[in-house]
Amino acid sequence: AVATGTDGQVLTSTGAGSPPVFETPASATNTPAFSARPNAVQSIPNETYTKVSFQTEDFDTDNAFASDKFTVPSGKAGKYYFEATSLINSAADKAFAGLIYKNGSGIFYSIGKELSGNSSSLSVAVTASVILDLAVSDYIEFYIYQDTGSSKNTFDTYTKFQGFKLIG
C-alpha cells in the first residue's frame, strides 16, 4: 500500500522492489527567490554606470542576496527571471537606463526617455527584466546610467530588485 500524499506532491519511485512514495519535487518551487529595496535615495552621477544599493530585503529564500547582488547558490543552477526598476527626477530630453549585469558585465538594459513638455523637471521610470540561464556562483546586479548633466537621485520608494528561479 502507498501512503497518501499532500497537495503538490508527486508519486516517486524508490527503486525496484519497494513501493513508491509521495514527495514534493525540488523543481516545484520558484526558489531561490528574493526581493530587495533601498532604504534611502541614492545619488546617480552624470554619465556614470552606478550599481544600485539595496539595504532592505523583503524576502530572500536561500540567503542568496547580499552586497547588492544575487548569487546562484550551490545546486541551484537553471533559468531565472529578474526584474529591476527605478525612478529618478530628471531634466527634459535626457535618457535614463536600467542595466542588469551578470558577473560584472552589462548584459541587458532598458531605457526610459523623458521628452520635453510643460515641465523642465519630470520623473522618469525604467524597468529592466530578463530571463537568464545561470550556473552556480553566477551573480546578478542592477546598475543605473543617466545623462542629465548633473547628479540625480533615485526615489527609494520606487526602486526594487527581485528575481526567482523558474520551475522546470
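View 1. With a relative accessibility of 24%, Gln9 counts as partly exposed, where buried means under 20% relative accessible area, exposed means over 50% and partly exposed lies in between, using a 1.4 Å probe and protein chains only. This is a predicted model, in which local features need pLDDT of at least 70 and side-chain atom pairs count only at pLDDT 80 or more, whereas totals for chains, interfaces and linings use all residues. Residues are numbered from 1 along each chain as its sequence is written, and side-chain values use heavy atoms, with hydrogens and water left out. Gln9 sits in the segment before β1 (10–12); strands are DSSP runs of E with at least two residues, numbered from the N terminus. Leaving aside residues up to four places away in sequence, Gln9 is in contact with Phe22, Glu23 and Thr24, contact being heavy atoms within 4.5 Å. Between Gln9 and Val21, which are 12 residues apart in sequence, the C-alpha to C-alpha separation is 9.5 Å.

**View 2. The cis peptide bond between Thr31 and Pro32.** The bond that joins Thr31 and Pro32 is a cis peptide bond, with omega of about 10°. Pro32 belongs to the loop between β2 (21–23) and β3 (33–37).

View 3. Although Asn63 is not a glycine, its phi is positive, at about 50°, and the residue is placed in the loop between β6 (56–60) and β7 (65–66). Asn63 counts as exposed because its relative accessibility is 69%. Asp68, likewise not a glycine, has a positive phi of about 65° and is found in the loop between β7 and β8 (69–71). Asp68 is buried, because its relative accessible area is 16%.

**View 4. The largest nonpolar core, with Phe82 among its members.** A nonpolar core is a set of buried Ala, Val, Leu, Ile, Met, Phe, Trp, Tyr and Cys residues joined through side-chain atoms within 4.5 Å. The largest one holds 25 residues, of which Phe70, Phe82 and Phe161 touch the most other members. Two or more residues come from each of β3, β9 (78–91), β10 (95–102), β12 (121–134) and β13 (139–146), and β12 gives the most, with 6 residues. Not counting residues up to four places away in sequence, Phe82 touches a list of residues including Phe34, Phe70, Ile100, Leu132, Ile140 and Phe161. Another core, of 5 residues, lies apart from this one and has Ala97, Leu99, Tyr101 and Tyr143 among its members.

Note on methods. Helix = DSSP H or I, 4+ residues; strand = E, 2+ residues; numbered from the N terminus.
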